[in-house]
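Let's take a walk through a protein chain together. Have a look at the fold first, and then we'll go through it piece by piece.

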Amino acid sequence: MIIFKDIVSGDEIISDTWDLKEIDDTVYEVDCKKVTKGVDNVDIGANPSAEEAEEALEEGQSTVIDIVDAFRLNFLGDEASGSRLFNTKKEYMGQLKTYMKKVVEKMKESGADESAIKKFQTGAQAYYTKQIAPNFKDYDFYVGESMDTDGMVVLLNYREDGITPFITIWKHGLTQMKV
């Protein structure tokens, strides 16, 4: 198994056990699932009625997004109120520009040539312009376990069906650790 870590913070972001879809050699998009976590359901052999099957979560249970939970990603904002750390594109762009500079520095340190760096920068700008900016209000923002906001901010949105959550991760902002 390969675990992908943020090149800046060192936080674990994702692993290859999920289906990483590479987009334009710039980002990975990964579909997630909402799962129920908490109190175990003990089956005593009774058949629940249709109404009981549709009841709300039992006490002690919560619905989480599998990747967010598995990698201990932290919501940037206040989940209870729905407020986000980045309320405007300008606020997010400030963080993203700082992060991208750090990624470029790390790419240079690892011996990437100028054409690879330029390709990454061009791809990141194009992805931001075509995907993130037009849908900015729909994104939630997460960081790794260390809560380092100078590191990668993982973007979470929903597919066109409005049901399937997916995360977006900057490809060149990751290192691989084989376990």
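A strand here is a DSSP run of type E with at least two residues, and strands are numbered from the N terminus. Keep in mind that what you're looking at is a predicted model. Phe75 sits in strand S7, which covers residues 74–75.

**The whole chain**

Start with the big picture: the chain has four helices and 13 strands. Of its 179 residues, 37% are buried. If you take contacts between residues at least 6 apart in sequence, 64% of them join residues at least 24 apart.

Six strands make an open sheet with antiparallel pairing, in the order S3-S4-S12-S11-S10-S7. At its edges you'll find S3 (20–23) and S7, each of which pairs on one side only. What holds paired strands together in general? Strands of a sheet pair through backbone hydrogen bonds, either parallel or antiparallel.

Zoom in on one pair: S11 (residues 154–158) and S12 (residues 165–170) run antiparallel and share four bridges. Across that pair, Leu155 stands opposite Thr168 in S12.

**Two helices across the sheet**

Which strands do helices H3 and H4 lie across, and at what angle to S12 does each run? Here's the rundown:

| Helix | Strands it lies across | Angle to S12 |
|---|---|---|
| H3 (residues 89–109) | S10 (140–143), S11 and S12 | about 45° |
| H4 (residues 114–132) | S3, S4 (27–31), S11 and S12 | about 155° |

**The core**

The largest nonpolar core has 47 residues. Ile14, Tyr92, Ile132, Phe141, Ile167, Ile169 and Trp170 have the most contacts inside it. H3 gives this core its largest share, eight residues.

Leaving out residues up to four places away in sequence, Ile167 touches Ile14, Tyr28, Glu29, Val30, Cys32, Ile67, Val154, Leu155 and Leu156.

**Back to Phe75**

Is Phe75 buried or exposed? Its relative accessible area is 13%, and the cut-off for buried is under 20%, so Phe75 counts as buried.

Who are its contacts? Not counting residues up to four places away in sequence, Phe75 touches Ser83, Arg84, Asp140, Phe141 and Tyr142. Val143 is 68 residues away from Phe75 in sequence, yet their C-alpha atoms are 6.7 Å apart in space.

Technical notes: Residues are numbered from 1 along each chain as its sequence is written. This is a predicted model: local features need pLDDT of at least 70, side-chain atom pairs count only at pLDDT 80 or more; totals for chains, interfaces and linings use all residues. Side-chain values use heavy atoms; hydrogens and water are left out. Buried means under 20% relative accessible area, exposed over 50%, partly exposed in between (1.4 Å probe, protein chains only). Contact means heavy atoms within 4.5 Å. Two strands pair if DSSP finds at least two bridges between them. Axes are lines fitted to C-alpha atoms, for helices over the stretch in contact, and angles run from 0 to 180 degrees between N-to-C directions. A nonpolar core is a set of buried Ala, Val, Leu, Ile, Met, Phe, Trp, Tyr and Cys residues joined through side-chain atoms within 4.5 Å.
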